[in-house]
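Here are my notes on this one, as numbered points. Have a look at the model before reading on.

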Amino acid sequence: MMSLRTIARAAPRTLARASATSTFSRCQRTAALLSARPSALLRTQQVSAFSTSLFRAQDAPGEVDEELSAKLASEIQFEKDVKENEPLPASIKDFLENGPFTLEDVPGKEDVVLTRTYGSEKITVTFSISDLHNYEPDMMEDQAMEDELDDIENGRDSQSRGGAADLAQEANEDMEAGSDDAAIPCRLNVVIEKPNQGALNIEALAQDGAIVLENLYYYKDPKMAHSTDAAAVHAAQDAYPGPPFGSLDEDLQIMMERYLEERGINQSLAVFVPDYMDVKEQKEYMGWLKNVKGFIDA
């Protein structure tokens, strides 16, 4: 779910927009003066052009530098206070200490990688904090509604066609009642490799404590699943993708879900990923603030 930290950050930006509006108004007044008394202002500019104070100002730090540095320091302190008041979620500690995966998290990068072995298999799960910035609630809700209605029309649901309106009304009521608590869906890229046997690539979502499978691919070359270079990306695009996971036989879907659960793609992972994304985003934002402040102060 959206953290209080994300909401709190919006307040300074709102004030900044108000300040920008005020600055724009001052610029308009200045333009009016220029049109009203161009000759007087022109003479003032000509006189000041010979002032040596301009050359001295170029050698000294700008006046805004000091204010900007102070503002950045204020933001850094705010993030520290938020971190102190938000303890590390128990799901993160439990997953890292008791789970089978090894965490690979490089500071400064958006992607997080989980790796493990399962017999002769190598399993990689990748997710990114970019989902936090790219999330569009309306788009996800509309897509979910379309999927539900498609299920009804295709006869995959026990309800009749007449139940579509009731389903839509119920979904809208649920969204209105719990929109503030809606969890951000986190995209997962799961790759399962076997020696000399290629790889399975599963696209899934971690949301509301569950793993939702979306697409299932098979590649003869595991590099195509990881898409580490342009050639691999091009080859993966040319490969037959298979049908959407939701269109497969229901029994086949259930068996594939159990197959992944045995390998740790389960509820524990679905709870861990959103919590860890929020913590990592806070760390990356803090690092970004410090880097920008260090540059301004240098």
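1. Let's start with α11: its buried residues (under 20% relative accessible area with a 1.4 Å probe, protein chains only; over 50% is exposed, in between is partly exposed) are Gln253, Met256 and Leu260. Down the helix axis they fall within an arc of 65°, so they line one face of α11. The arc is taken from the directions from the helix axis to the C-beta atoms. Helices are DSSP runs of H or I, at least four residues, and strands are E runs of at least two, numbered from the N terminus.

2. This is a predicted model, where local features need pLDDT of at least 70, side-chain atom pairs count only at pLDDT 80 or more, and totals for chains, interfaces and linings use all residues. Numbering runs from 1 along each chain as its sequence is written, and side-chain values use heavy atoms, with hydrogens and water left out.

3. What do the buried residues of α11 pack against? They pack against β4, β5 and β6, whereas Asp251 and Arg258 are exposed on the other side of the helix.

4. A caution on confidence: pLDDT (the predictor's confidence in each residue, from 0 to 100) averages 76 over the protein chain. Over residues 10-48 the pLDDT stays under 50.

Conventions: Contact means heavy atoms within 4.5 Å.
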